[in-house]
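Hi,

Here is the structure I promised to pass along. Have a look at it first, and my notes follow below.

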Amino acid sequence: MSIETLIDRVKTGDRAAFREIYERLADRVFSFVRSRTRTREDALDTLQEIFADFWSGMRGFQFRSEPELYAYIYTVAKRKISRRYRRAREQMFHVEIEDVADVVVDEASHEEKI
C-alpha cells in the first residue's frame, strides 16, 4: 500500500495505517534522532514525541510526495531535539532562591570567622 493511501486512511482515524507508517519511518527517524541526542533513552523519548505530534497533526497534513513527507518529519524531529536541549540547558542554569540564600548566609558566617 502506498504511503499516500496510508496517510488518507490515518486521516479517518485508522490506527493500523498509522502503525504501518510508523514501522516504515521509525528506523530512519530514530537513526537521525539518535545521532543528535546524548542517550538512547532521549532518542526513544524524542521519537515518541515526534510520532505523537505527527498523529495529532495528520488531519491537516497534505501529502504531496515522499521526500516532502520526510522533510516534514525531520523538521518536527529537529524542533523536538532543539526543545529537549533548550529544556536541559534551562534546568542546568535554574537556581532556586532558597539555594542562593543558603550561599549568602554561608559566606556571611564564613567572613565573621576570619
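Leaving aside residues up to four places away in sequence, Thr-46 touches Val-33, Thr-37, Lys-80, Ile-81 and Arg-84. Please keep in mind that this is a predicted model.

Thr-46 itself sits in helix α3, which covers residues 40–57. Its relative accessible area is 0%, so Thr-46 counts as buried, the cut-off being under 20%. The side chain of Thr-46 also reaches back to the backbone oxygen of Asp-42, at 2.8 Å.

Two of the names above turn up again among the charged residues: Asp-42 and Arg-84 are linked with Glu-49 in a network of salt bridges. In total, the structure holds 7 salt bridges. Here are some others I looked at:

- Arg-9 and Asp-14 meet through their side chains in a salt bridge, 2.7 Å from N to O. Arg-9 is partly exposed, at 31% relative accessible area.
- Arg-19 and Glu-23 form a salt bridge at 3.5 Å, N to O. Both are in helix α2 (residues 15–34), and because they are 4 residues apart there, about one helical turn separates them. Arg-19 has 52% relative accessibility and so counts as exposed, for which the cut-off is over 50%.
- Arg-64 and Glu-68 pair in a salt bridge at 3.7 Å, N to O. Arg-64 is exposed, with a relative accessible area of 61%, while Glu-68 is partly exposed at 39%.

Happy to go through any of this with you.

Best wishes

Terms used: Residues numbered from 1 in each chain as written. Predicted model: local features only at pLDDT ≥ 70, side-chain atom pairs only at ≥ 80, totals over all residues. Heavy atoms only, no water. Helix = DSSP H or I, 4+ residues; strand = E, 2+ residues; numbered from the N terminus. Buried < 20%, exposed > 50% of the residue type's maximum accessible area, 1.4 Å probe, protein only. Polar contact = N/O pair within 3.5 Å; in protein donor to acceptor, adjacent residues only side chain to side chain. Contact = heavy atoms within 4.5 Å. Salt bridge = Lys/Arg side-chain N within 4 Å of Asp/Glu carboxyl O.
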